[in-house]
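Subject: Structure handover

Hello,

Here is the structure we spoke about. Notes on cavities and aromatic contacts follow below it.

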Amino acid sequence: MANLSFALAAILAATASAFVPQQSVSTTTTTTSSSTLSATGFEEVGGKPWDPMSFGKLGLVDERGFDTFPAMFPDPQYLQEAEIKHGRMCMLAWTGIWATHVGGMGLGMHIPGMPVEPDWTKALGAVASEQPALFGSILLFIGIAEGESVGHTGDNWTGLSTKEAGNLGLDPLGLKSKLSQEQQDRYKIVEMKNGRAAMIAMASMFAFESIPGSVPLMDLFGAQ
């Protein structure tokens, strides 16, 4: 159990920094890799965030240097950090559901050694009760990541943060150094898109739990 807890903590710490979406795309790279390095995570909507009502710009000062409601709305720095963070949380949560649910939600994906809990909404309590070391490791990692993301690097709510969104500065296994710049940029976009998919997946799980028949795909898998 101790080995499993240590391994999970190491994986979480390494991946959190190795594959973080970048705040801006480097312009110093060669043109040979521009197709990948110019990726923003919004290629499906013309390379720009889908924000028809400009909600994401409410925290910006206009061209006149005037802010109607100072500090009321978050700067894009905060929004990007929040998206990355919540995407990671949902990827972890989705993995936890498969790991503990009886039959793996119909796909037989239960991870050996993890608690068996027929109700996924109670799975976290089961892990905390039966495997406190594992639960404590996850909780500690989340606490460190949360504190660092809003801590000494500056207030990203007002756009004063000095760090790249999502970058915790942790890479104990040296994964990032083994990748080319092009590979790093690709994985940053991969993480962002998988995080978005995981957020949608978790929303569907809550809908599935509270509204019978609301997620037909889960019914097809025989999930309960």
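The largest cavity has a volume of about 50 Å³. A cavity here is a set of points on a 1 Å grid over the protein atoms alone where a 1.4 Å probe fits but cannot get out. Points join across faces, edges and corners, and the volume is the space filled by probe spheres set on them.

This is a predicted model: local features need pLDDT of at least 70, side-chain atom pairs need 80 or more, and totals for chains, interfaces and linings use all residues. Residues are numbered from 1 along each chain as its sequence is written, and side-chain values use heavy atoms, without hydrogens or water.

The whole-structure search gives two cavities of 30 Å³ or more. Lining the largest are 11 residues (an atom within 4 Å of a point). Nearest its centre lie Glu-83, Ile-84, Glu-191, Met-192 and Gly-195. Helices α3 (76-100) and α6 (181-210) each give two or more residues to this lining. Helices are DSSP runs (H or I, at least four residues), numbered from the N terminus.

The search also finds one aromatic pair (ring centres within 6.5 Å). Tyr-78 and Trp-157 sit edge-to-face (planes over 60 degrees apart), at 4.8 Å centre to centre and 75° between the planes. Tyr-78 is in α3 and Trp-157 in the loop between α5 (132-149) and α6, so the pair ties together parts 79 residues apart in sequence.

Best regards

Terms used:
1 Å grid on protein atoms, 1.4 Å probe; cavity = no way out; pocket = protein on both sides within 12 Å on 5 of 7 lines; lining within 4 Å. Phe/Tyr/Trp six-rings, centres within 6.5 Å; stacked < 30°, edge-to-face > 60°.
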